[in-house]
Structures are given as C-alpha cells and as structure tokens.
Amino acid sequence: MANNFEYYAPTKVVFGKGAEQQVGRLVKEAGGTKVLIHYGGKSAVRSGLIDCMKAELDKAEIPYVELGGVVPNPLLSKVYEGIELCRAEGADFILAVGGGSVIDSSKAIAYGLANEGDVWDLYEHTKTAAACRPVGVVLTIAAAGSETSNSSVITNEENGKKRSYNDDIARPKFAIMNPEFTMTLPDYQTQSGCTDMMMHTMERYFTNGGNMEITDSIAEGLLRTVKKNAVILHQDPENYEARAEVMWAGSLAHNGLTGCGNDGGDFSSHMLEHEMGGMFNVTHGAGLAAIWGSWARYVYKDCLHRFVRYAVNVMEVEHTGNDEETALKGIEAMEEFYRSIGMPVNMRELGIEPTDEQIHEMAVRCAVACGGKKGSAKVLYEEDMEKIYRMAR
C-alpha cells in the first residue's frame, strides 16, 4: 500500500550545451549580490571553467571571491574556511562548481553563514538549521545528485566522523548541467558516479514499507538506463548522449522522486559506506559497490519480493520458479555488472583490509550515527552491521 508523501523539488534545472552562459542571470534571479565560487581541484581551473564563471559573473556585474581545494569526502576544515571568507568578504551566495563533494561543502558553508554556533552541530544532529544562504550549482560530475537534493555529507577530519544533514532549505536554487563538462572524467570516477546514482534509487527501492507501481516503474527505468549507459561510457567516454542520460538520471535518483509512496527507503548501505569513507577515505561510489553485495545477501530473505522483482525487471534474470534462487541470481548479476565497469564487489577489491578492531569500530560508529538501528529491507543493529562488514572483506 502506498504511503502518504510530500514531494518538493524546487531547484531550477538548466540542461544542455552552453547552459553555463546563464549563470549570471540565475544568480540574480536567486537574489545573490556577491558570490563565493567554490570548487575542488586544479582541473576546474585548468579546463577554463572557473575563468568562464568569472567572465559570466563579470558580464552580469556580480562581484565574487573564490575558494578551491575541496577534496572527495569534503572536510569540515574547508567548510570553516569558506564561512570565514564569506563573512569577511560579504558574500551572500555560494556557487558550487563541481560534483557532490563541492556541492555538499557549499551547502555546509551556506548553513554556517545563516546559523549561530558551530555548523558541525547540525551534522551531529544536536541542532536544527533555522535558515540557509542560497546555493547554485554548475555540475561537472554526475553522481551524488546533490545538485537537486536536500542532503549534504561532511567529514570531520579531527575525529574521522562522516555525517549527513538533510533539510529542504538547502536545496540549490538552480543547477546548470552541461554533459560536456563530464567528458574528461577518469573512467573510475564516472563509474563510481553511476554506482552512486543507482544506489540512491536502490536504497528507496528495497523497502518493506509500502510501494507504488508508478514509482517502481520510474525507479526500474532509471536503473536500466544508468546500467546501459555506464557500459557505453566505459567504452566510449565522450559519448554525449550517454553522458546526458547519466547526468539527468543522477538528479532524478536523489531528488526524492524515486521514493514517493514508500517509507523513505533503506539507506543502510550508505550508512555502512560512510564509516568506510570516514576511516579509509575511499571513493564513495566504489565503497557502495564493495559493501552492497554483502548487505544484499544478509537482508534478501526479509525483503524477498523486492529482490525477485529487481532481479527480473532490472537485471533481466529469468525467474527460475524459486524466489530465493532468483533473488540470489539477481544479486550475482549486479556484482557481475559492477565488475564489468571496473567497480569492486568487496573491500579487498576496493583496496582496503580493515582489521577486526577497525571493523568493530566502524560498526559501533555506524550504529551511533544511525541512532542505534537502520533499515527497511531488514532493520540492522550494531551486531548486524559488524557481520556485514566481515562478509564484505
């Protein structure tokens, strides 16, 4: 049975070739008077995109300052630096030029500017945001869906905690998406992004808390589309049509659409990966691929009908007449797909070898971050989390 739901997707999307030329108009529409251009590494500068943003803002007579240096698994120290810079310079609009890490860092800066006290308190869930400065996005990596979502994930490097904070007030005012910007990404990064957007959909798909046929159909279509185009991009990274399909799918996967009518989703795999990312600084999508198969084998019997449907409708496995056998074949097919695009299916393939003590610590931290339990396909507690980590080694 379908659950009641609210669907809120206020971000204006400007999609296609040349979309970046509208950034000045969009900032003005959103009320920005001075911009912080926030970005990651040297590639954004080397590609000329940062200079392009500056030129467009100059045309619109909008002053700006800039702050680069965001890393994958964005750091709290950079957020603090951005808050201090914006306050010193009077910037009131954050323009994220990059992927999920840059966007998440931008949202955190926007929270910090608009609220008293330490912004990390929001991510520890000891405080609630009262407001958020406006954020705009020029997307360069199709992956996290943060360009249209309400979520932000930050790593506190002092204690190794990786925490999320979700609030609709942080949804970007606009997202500029030109698929051409993603063509120079390394294949590993492209495929990690495809894995992340598929997982955002799968987290909402594998539930025991109500479903809608139309939502399921959207989710399954999205998953099949990403699966198909990830393989194309593995062989032909400059394929514009495949880049466009994947870029739009990333936004639809995490703006709430594929969760309408269910109980909000499972998200255990994400929480398990967050602790791996916090401890070992692994690429998020690759970490998800490394943990998913073990999670799936641990929970599938408690959510058998969904795993069977997934196997048949997404992985195109023929139903054998035995539900358990079909579900397991679907999980195996998913792992084969991961390997076909260069993604790991366990921690060893991911390149990490956690000790027993580290696995226990990740499980403890994960349980704490989840408030003691997490899951919809199967509710997991600390001991379950530790078992899944051990299975994934």
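Ser251 lies in helix H9, residues 240-254. Helices are DSSP runs of H or I with at least four residues, numbered from the N terminus. The model is predicted: local features need pLDDT of at least 70, side-chain atom pairs count only at pLDDT 80 or more, and totals for chains, interfaces and linings use all residues. Residue numbers start from 1 along each chain as its sequence is written, and side-chain values use heavy atoms, without hydrogens or water.

Ser251 is buried, at 1% relative accessibility; buried means under 20% relative accessible area, with a 1.4 Å probe and protein chains only. Neighbours within four places in sequence aside, Ser251 is in contact (heavy atoms within 4.5 Å) with Gly145, Glu147, Thr148 and Met177.

Leu222 belongs to helix H8, residues 213-235. Leu222 is buried too, with a relative accessible area of 7%. With neighbours within four places in sequence again left aside, Leu222 contacts Thr201, Ala249, Leu252, Ala253 and Thr258. Asn346 is 124 residues from Leu222 along the chain, and the two C-alpha atoms are 25 Å apart.

Helix H7 (residues 187-205) packs against helix H10 (residues 268-280) at an angle of about 135°, with the axes 9 Å apart. H7 is therefore oblique to H10. Axes are lines fitted to C-alpha atoms, for helices over the stretch in contact, and angles run from 0 to 180 degrees between N-to-C directions. On the H7 side, Asp196, Met199, His200 and Glu203 meet Ser268, Ser269 and His270 of H10.

Key. Helix = DSSP H or I, 4+ residues; strand = E, 2+ residues; numbered from the N terminus. Buried < 20%, exposed > 50% of the residue type's maximum accessible area, 1.4 Å probe, protein only. Parallel < 35°, antiparallel > 145°, perpendicular 65-115°, else oblique.
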